[in-house]
Amino acid sequence: DLPPPVYKRVLLKISGEALMGDQNYGIDLKTAERVASEVKQAVNSGVEVCLVIGGGNIFRGLSAAAKGMDRAAADYMGMLATVMNALGMQTALERIGVQTRVQSAIPMTSICEPYIRRRAIRHMEKGRVVIFAAGTGNPFFTTDTAAALRAAEMGCDALFKGTQVDGVYSDDPRKNPDAERYDQLDYLEVLSRDLKVMDAAAVTLMRENAIPIVVFSIHDKGGLARVLSGQGVCTVIG
Ligand code: UDP
């Protein structure tokens, strides 16, 4: 039994890779369902949740541009990849009884709602999970920045970044056993030491709006709910 959550509304950002499972491409439905069950626990505890999912498991604009593709076109393809992931997560969530709405920054009205800020807030107030797709809708940006932007627009109490490890470390903990996990970090420290948590634009936006970034492991069962009630393992950037 966990104490009541310390956050009322949060945005959860997960990378596309978090949905890959053991594959090296695409969406593994079992993995998506596991992530979905984390979200369900959070919603059941009374927290309002919205999601931004990356697209790196399907398409990354920068990699395609490096091979000679037009950068803007490549980025639009990357944004389309996030729409696929959003629909995958929607399926996974609704399969376990969580109500969702997908809103795309690039209107695609045959498959989801267009992004409408006040409507998204209303969905969350009704207990629905809103999945924001297509990033910011602009090339040259990332889904990290999209997550920060939506977190600010939605008036979230925190931006939760679900990663492969349970926080920010002084070095890669999977390679260096002496790497130390930080409990707390300052925004400026993350920027000046170039700690690879989220890109600088996202960190700056969170700093300007005084919204903490909570870095935790998306693969620890029950981890999201624990961190939401102030008991889990994580790094808080604030
Ligand atoms: N993208 C973009 N604008 C945005 C968000 C995403 O152009 O606002 C494109 C960009 O090409 C990026 C791709 O979508 O490489 C997938 O997103 P990202 O790499 O952030 O996904 P993640 O690494 O989180 O899986």
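Is Phe141 buried or exposed? Phe141 is buried, because 20 other C-beta atoms lie within 10 Å and the cut-off for buried is 20 or more. Keep in mind that what you're looking at is a predicted model.

**The domain**

- An unreviewed UniProt entry marks residues 8-217 as "domain: Aspartate/glutamate/uridylate kinase".
- Across residues 8-217, the chain is 39% helix and 18% strand.

- Helix 5 is largely enclosed by the rest of the structure, because 9 of its 11 residues are buried.
- The buried residues of helix 5 are Thr143, Asp144, Thr145, Ala146, Ala147, Ala148, Leu149, Arg150 and Ala151.
- What do they pack against? Their partners are strand 1 (9-14), strand 2 (48-53), helix 3 (71-95), strand 5, strand 6 (158-163) and helix 7.
- Just after helix 5 you'll find Gly155, which takes a positive phi of about 65°.

**How helix 5 meets helix 7**

- The axes of helix 5 (residues 143-153) and helix 7 (residues 200-208) come within 7 Å of each other and cross at roughly 15°.
- Angles under 35 degrees count as roughly parallel, so helix 5 and helix 7 are roughly parallel to each other.
- The crossing of helix 5 past helix 7 is left-handed.
- On the helix 5 side, the contact uses Asp144, Thr145, Ala147, Ala148, Leu149 and Ala152. Helix 7 brings Ala201, Ala202, Leu205 and Met206.
- Sort the residues of this contact by type and you get 8 nonpolar, 1 polar and 1 charged.

**A binding-site set that clusters**

- The unreviewed UniProt entry lists a "binding site" at Gly55, Asp75, Thr136, Gly137, Asn138, Pro139, Phe140, Phe141, Thr142 and Thr143.
- These residues are spread over 89 residues of sequence, yet they cluster in space, with a largest C-alpha distance of 14.1 Å.
- Pro139 lies in the loop between strand 5 (129-133) and helix 5. Pro139 counts as partly exposed, because it has 18 C-beta neighbours inside 10 Å.
- Leaving out residues up to four places away in sequence, Pro139 touches Gly61, Arg71, Ala72, Asp75 and Tyr76.
- Phe141, from the opening question, also has its place in the loop between strand 5 and helix 5. With residues up to four places away in sequence set aside, Phe141 touches Gly135, Thr136 and Ala146.

**A binding-site set that spreads out**

- UniProt (again the unreviewed entry) also places a "binding site" feature at Lys13, Ile14, Ser15, Gly16, Gly56, Arg60, Thr163, Gln164, Tyr169 and Asp172.
- Ile14 lies in strand 1, and Ile14 is buried because 24 other C-beta atoms are within 10 Å.
- Not counting residues up to four places away in sequence, Ile14 touches Val35, Ile53, Gly162 and Ile218.
- Tyr169 lies in the loop between strand 6 and strand 7 (184-185). Tyr169 is partly exposed, with 18 other C-beta atoms within 10 Å.
- Tyr169 touches Ala179, Glu180 and Arg181, once residues up to four places away in sequence are left out.

Methods. Residues are numbered from 1 along each chain as its sequence is written. This is a predicted model: local features need pLDDT of at least 70, side-chain atom pairs count only at pLDDT 80 or more; totals for chains, interfaces and linings use all residues. Axes are lines fitted to C-alpha atoms, for helices over the stretch in contact, and angles run from 0 to 180 degrees between N-to-C directions. Helices (H or I, at least four residues) and strands (E, at least two) are DSSP runs, numbered from the N terminus. Angles under 35 degrees count as roughly parallel, over 145 as roughly antiparallel, 65 to 115 as roughly perpendicular and the rest as oblique. A crossing is left-handed if the near helix is turned anticlockwise from the far one by less than a right angle, and right-handed if clockwise. Two residues are in contact if their C-beta atoms, placed from the backbone, lie within 7 Å. Ala, Val, Leu, Ile, Met, Phe, Trp, Tyr, Cys and Pro count as nonpolar, Asp, Glu, Lys and Arg as charged, and the others, Gly among them, as polar. UniProt positions are given in the numbering used here, feature names are shortened, and annotations may be inferred rather than shown by experiment. A residue is buried if 20 or more other C-beta atoms lie within 10 Å of its own, exposed if 12 or fewer, and partly exposed in between; C-beta atoms are placed from the backbone.
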